[in-house]
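Have it open while you read.

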Amino acid sequence: MKNKFIIVLLLFVSFSYLSISHPDTANNNRQLTNGLKLKVDTLAVNPISKENNYTDNVVNKSMPWIASLIIGMMTVIVSVKVSKASSKNVDKQIEASTRIAIEQINSSKELALTEFKATLNSKNRQDWINEVRNCLSEYITQCRMLNIECQNTPISSEKFEDYFSKTNYNYYRLLLLLKHNKDEHSPLFTLLNEMSGLMDKHILNARHEINDYDNVAILQKQNEIVKAGMELFYFEWNKIQKMENK
């Protein structure tokens, strides 16, 4: 809009100058004509120089073209300067838009990375809970079956070996999944060790055919393990909920 306004203004000035220049030429002609008549009628002494009149006419006739040429050159110069200024403004706008776009991309990338990490941590924690829960339930079940088999007469070697191997397998898996020095894991870790000690005593009694079994202690320890496991799971599930709500 600024460029168009400047160009229209210059054209208006040019046409105004041209329209004013022609009446002056006509007036000069009339003055020359009157001068000639005055010379003829009154025989005035002051002569009119033809050379001066010719020069004045040429100058008067050339002035509109010179003015148009000057105005045209000024228009071109102003247009070039305005175009350069507009080009600089466009470059600044492009640079600003590019900077904003890059900042938005970086922000989106950081947000996506944060969400991905939170999702990954949440999934890993949920998988850990599921694995500990499955191992714990399997361990308690195998301990119960092994304790019963220890008190059977005669003991089935095949069943005994199967329960014994499964019990040990899940016991050591739980020890590897838990952190004994962590406050939330420590109670369950301690109970598992106590349960393992009771089971070892029953297995030795069975192999030496010693009828000394503390079934009440076994059942009580199993209940304590279940309770400690539930408390640990609820604690870990609350962590997952807090991570997902961030």
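The points below go from the fold to the pocket and then the cysteines.

1. First, the ground rules. This is a predicted model, where local features need pLDDT of at least 70, side-chain atom pairs count only at pLDDT 80 or more, and totals for chains, interfaces and linings use all residues. Residues are numbered from 1 along each chain as its sequence is written, and side-chain values use heavy atoms, leaving out hydrogens and water.

2. The protein chain has five helices and zero strands, taking helices as DSSP runs of H or I of at least four residues and strands as E runs of at least two, numbered from the N terminus.

3. On burial, 24% of the 246 residues of the protein chain count as buried, meaning under 20% relative accessible area with a 1.4 Å probe, protein chains only. As for contacts (heavy atoms within 4.5 Å), among those between residues at least 6 apart in sequence, 73% join residues at least 24 apart.

4. What lines the largest pocket? By class, seven nonpolar, five polar and two charged residues do. Of these 14, the closest to its centre are Cys150, Asn152, Ile155, Ala206 and Glu209. Both α3 (157-177) and α4 (186-207) supply at least two residues of the lining.

5. Now the cysteines. Cysteine 143 is buried at 0% relative accessibility, and cysteine 150, with a relative accessible area of 2%, is buried too. Taking a disulfide as a pair of cysteine sulfur atoms within 2.5 Å, the count comes to zero.

Key:
Buried < 20%, exposed > 50% of the residue type's maximum accessible area, 1.4 Å probe, protein only. 1 Å grid on protein atoms, 1.4 Å probe; cavity = no way out; pocket = protein on both sides within 12 Å on 5 of 7 lines; lining within 4 Å. Nonpolar A, V, L, I, M, F, W, Y, C, P; charged D, E, K, R; others polar.
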